[in-house]
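Please keep the sequence and the coordinates at hand while reading.

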Amino acid sequence: MTDATSNPPAHPPRAAKRASTATHHGITVSDDYAWLRDAKYPVVEDPEILAHLEAENAWFEAAMAGQKDRIDALFTEMRARIKEADKSVPQKDGDWLYWIEFEDGAEYKKWWRRPVAAGDDAGADELILDEVALAEGKEYFRLGAISVSNDGRRLAYSIDDNGSERFTARIKDIATGKHLPDAIPGTLSSLVWAAGDTALVYSLANEQWRTDNARLHVLGTPLEDDVELYHEDDEGFRVGAGLSTDEKWLVVSTSDHETSEVRLIPAADPLAEPILVKARQKGVEYEVDVHDELGTDGTLFILANDTHENFRLATAPLSAPGDWTTVIAGSDAFYLTGFDIFRDFYVVEGRQAGLDTIEVRYYDDPERIEPIAFPEESYSASLGDNPEFAMDRLRVGYDSMVSPATTYDYHVADRRLEVLKVQEVPSGYDASLYTTERLLVPARDGTQIPVSIMYRKDRQKPGPLHLYGYGAYGIAIPPGFSTTRLSLVDRGFAYAIAHIRGGDDLGRAWYKGGKLESRINTFTDFVDVAKGLVERGYIEKGRISISGGSAGGELMGAVVNSDPALWGAVVAHVPFVDVLATMLDASLPLTPGEWPEWGNPIEDRAAFELIQSYSPYDNVREQAYPPMLVTAGLNDPRVTYWEPAKWVARLREKKTDDNVLLLKTNMGAGHGGKSGRFESIREIAEEYGFILWQMGL
């Protein structure tokens, strides 16, 4: 946070009201703040719009000026919990060991490698990418894709320097440090080496920020000569490419939120005719990898939800890729979320009763199942980077709400976890001072909603509590560790995560229970969790602070409309709050691909009426609202800046209270806010400073 202006505003800005109406299905919708959308978007240059956003930022600075000392103190303690000079555990990939490293004070990391043959000789270390140098002088920097060629000689990477998520790809000769003349602007994809490291496969974002293509660039040739390997005609689908585990096949996938389709192309001959694994079928999602050790023809491994919503694992011969044979059947009890294949075994990941599970399984013995055992009852665990085909130990990541991030090697033959690194908290952290619980709180329809909660053992009940939620796109929120969270917990807060429907925390049915016609469940689950925690004595009504971002910001907007008196402070980051107008505009970047998630109000009157019934912007009413902090990104292609701007404008018009309402727009960033490991923490310090201020602490 910067200092307030020398001539701070005395009152919050009021956006002008300009009548605008649209009629759909015979229903007329009024929007007096539609003018806040620049007609030239994605360019934003309308001086009146920019002036309004700057006025909101000036009001934010003025209102928060009195909290500067508190925010500085929060930032200082948050930064003190970060090990400034830090590095990841090196991982072997072929002839090299790779790792990343932060230097003291650095916002960004450096990428290193060393020949395996060099042993511990630090003199052989080779810097392959320096994010610090690339970010110098830039207000925003984000590394997108990064990929070393199979022969280890070249590095392909992409960067975004304004938050628009349109990346420019470059290629570097690692030995000389010089860049090839090839530069590919406008990418939004991985970068996959092909044709014996002479070419890259990538995807461009079109004018609507959609990746409807997979393209081949041969090094040293003009971009206009690049070949489109695949084009997607359905505007709701997105295309991506990767490499199979055996590195012999390009895997080109296209999908929306509920349907997918995969093609395989020989990596050595990317202009060969693609092999379609199975034609798309509405509602069927699948992903594919290739294992070439199980027969002369090669065997496909397929994760698919065609026979059970929680997915099954199947195999198929490459000669008949659509002929699937079940290896692991779908199950109500076990939600199968992913798999990795190796030479001697394969690994499946999933969740049982909402908790992460990792199992080693064997090709020649289907009954041999070896789950990896973890030390706590509530935790988050996943496979890490395991780049080689012939692995005898697996890199695994683990944490919990009270246990810092731990990097393990799992020795497969011994079924033993070896600790390689535990996240260090330089300012000190004593896990014995804290406790975590996993509760079940009944929703109004009787469904038991899991809640992960953390607090100090000496916390007085009832006390303040922060409740976080997301609840969309089938994205689970793991009960993981956070050093910044300690700044609330050490001040007497409990910190809770509501695992509400709309995420897939408890499986695919949990996701479906919060989407489309069941979307309202997401909002009522969150409210019912809060009320349940009040009833159980964790907190007093009105002493709950809440936060969520993007679709979680939509959640914030819905619950402040429905139950405003329940909340003591609300933070909505880049909130998706203008749901109806966005879903009615097929020209916007995400809209067609989002219809399977929310419904298509253009074609379906019932979807229109449902979205209109909960869309936060459309349901702002004359009532008292809690104190609120709202953020936006001017270059955000996911939740466009005018959604939070319009929402705040309507709230200022309608609300009947004197509570603080602030809008902060990052004028040089996008959906994720500011970049850099410390600058992003400063924004968390501002969020927590606002919460503590409004909660009277």
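## A buried strand residue

Leaving aside residues up to four places away in sequence, isoleucine 341 touches Thr245, Asp289, Val290, His291, Phe301, Tyr346, Tyr363 and Phe389, where contact means heavy atoms within 4.5 Å. Isoleucine 341 belongs to strand β24, residues 334-341; helices (H or I, at least four residues) and strands (E, at least two) are DSSP runs numbered from the N terminus. With a relative accessible area of 1%, isoleucine 341 is buried, a class that means under 20% relative accessible area, whereas exposed means over 50% and partly exposed lies in between (1.4 Å probe, protein chains only). One of the residues it touches, Thr245, is 96 residues away along the chain, and the C-alpha atoms of isoleucine 341 and threonine 245 are separated by 7.1 Å.

The model is predicted, so that local features need pLDDT of at least 70 and side-chain atom pairs count only at pLDDT 80 or more, while totals for chains, interfaces and linings use all residues. Residues are numbered from 1 along each chain as its sequence is written, and side-chain values use heavy atoms, with hydrogens and water left out.

## Two buried loop positions

Arginine 81 sits in the loop between α2 (68-80) and β3 (86-87), and at 7% relative accessibility it counts as buried. Its side chain reaches the backbone oxygen of threonine 483 at 2.9 Å, a polar contact being a pair of N or O atoms within 3.5 Å, of which, within protein, one must be able to donate a hydrogen and the other to accept it, with residues adjacent in sequence counting only if both atoms are side-chain atoms. Beyond four places in sequence, arginine 81 touches Glu424, Val425, Pro426, Ser427, Thr483, Thr484, Leu486, Ser487 and Asp490.

Proline 637 is placed in the loop between β38 (628-633) and α11 (642-654) and is buried, with a relative accessible area of 6%. Among the residues it touches, not counting those up to four places away in sequence, are Tyr41, Gly163, Trp209 and Leu590.

## The α6 and α7 pair

The axes of helix α6 (residues 520-535) and helix α7 (residues 551-562) come within 10 Å and cross at roughly 65 degrees; the two helices are therefore roughly perpendicular to each other. The contact is made by Thr522, Phe523, Phe526 and Val527 of α6 together with Glu554, Leu555, Met556, Ala558, Val559 and Ser562 of α7.

## Backbone geometry in loops

Most residues other than glycine have a negative phi, and most peptide bonds are trans. The peptide bond from tyrosine 41 to proline 42 is cis, with omega near 20 degrees, and proline 42 lies in the loop between β2 (27-30) and α1 (47-64). Another cis peptide bond runs from lysine 461 to proline 462, with omega near -10 degrees, and proline 462 lies in the loop between β33 (448-456) and β34 (465-468).

Aspartate 197, in the loop between β12 (192-194) and β13 (199-202), has a positive phi near 65 degrees and counts as buried at 7% relative accessibility. Arginine 415, in the loop between β30 (406-411) and β31 (416-422), has a positive phi near 55 degrees and is partly exposed, with a relative accessible area of 45%.

Note on methods. Axes fitted to C-alpha atoms, helices over the stretch in contact; angles between N-to-C directions. Parallel < 35°, antiparallel > 145°, perpendicular 65-115°, else oblique.
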